[in-house]
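Below are my notes on the model, as numbered points. Please read them alongside the coordinates.

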Amino acid sequence: GYSSKRFVPTVSASAKDNVKVTKIVLYHNTTQLGEGYNVVKTCENSNGLTNCTHTFGALTRGNFYAQAWDASGNSVTSVKYAF
């Protein structure tokens with residue numbers, strides 16, 4: 001058998017900007033008929049480099065991705081991962 005601990009994921013994202021990364025948001029799974037994702041964690045910061053990590057408390061599968069914003073409101077979205 002498999003240990004359930006094998007499937008308890010940690011989602012982590014890092015973003016770097018020459019001025020400031022204002023926040024990173026980690027998402028998990030679709031919410032409304034494929035629109036949007038559930039926010040699992042928001043990390044806010046005022047530095048050029050921001051890290052954001054969330055470890056789920058139980059077996060969790062699905063789709064995961066991160067989005068980061070800079071001080072000018074520009075954003076970037078990571079690749080979506082499924083496991």
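1. Are Cys-43 and Cys-52 buried or exposed? Cys-43 is buried, and Cys-52 is buried too. Buried stands for under 20% relative accessible area, exposed for over 50%, and partly exposed for the range in between, with a 1.4 Å probe and protein chains only.

2. On provenance: this is a predicted model, in which local features need pLDDT of at least 70 and side-chain atom pairs count only at pLDDT 80 or more, while totals for chains, interfaces and linings use all residues. Residues are numbered from 1 along each chain as its sequence is written, and side-chain values use heavy atoms, with hydrogens and water left out.

3. The two cysteines are linked. A disulfide is taken as a pair of cysteine sulfur atoms within 2.5 Å, and the count by this rule is 1. The sulfur atoms of Cys-43 and Cys-52 are 2.1 Å apart. The link is right-handed, with 70° about the S-S bond.

4. The protein chain has 0 helices and 7 strands, in the order β-β-β-β-β-β-β from the N terminus. These elements are DSSP runs numbered from the N terminus: helices are H or I with at least four residues, strands are E with at least two.

5. Of the 83 residues in the protein chain, 29% count as buried. Contact is defined as heavy atoms within 4.5 Å. Among contacts in the protein chain between residues at least 6 apart in sequence, 56% join residues at least 24 apart.

6. The largest nonpolar core has 12 residues, among them Val-11, Leu-26, Phe-56, Ala-66 and both Cys-43 and Cys-52. Strand E1 (10-16), E2 and E5 are the elements that give two or more residues to this core. Apart from it lies another core, of 5 residues, including Val-25, Tyr-27, Tyr-37 and Trp-69. A nonpolar core here is a set of buried Ala, Val, Leu, Ile, Met, Phe, Trp, Tyr and Cys residues joined through side-chain atoms within 4.5 Å.

7. There are 2 aromatic pairs. The ring centres of Tyr-27 and Tyr-65 are 4.6 Å apart and the planes are at 15°, so this pair is stacked. Tyr-27 lies in strand E2 (residues 21-32) and Tyr-65 in strand E5 (residues 63-70), so the pair ties together parts 38 residues apart in sequence. Tyr-27 is buried, at 11% relative accessible area. Phe-56 and Phe-64 form an edge-to-face pair, 5.5 Å centre to centre with 70° between the planes. The criterion is that rings of Phe, Tyr and Trp (its six-membered ring) pair if their centres lie within 6.5 Å, with planes under 30 degrees apart stacked, over 60 edge-to-face and the rest tilted.

8. Two lysines deserve a check. Lys-23 lies over the face of Trp-69, 4.8 Å from the ring centre, and the charged end of Lys-80 sits over the ring of Tyr-65, 4.5 Å from its centre. The rule asks for NZ of Lys or CZ of Arg within 6 Å of the ring centre and within 35 degrees of the ring normal.

9. Thr-42 belongs to strand E3 (residues 35-44) and is partly exposed, at 38% relative accessible area. Leaving aside neighbours within four places in sequence, Thr-42 is in contact with Lys-23, Ile-24, Val-25 and Cys-52.
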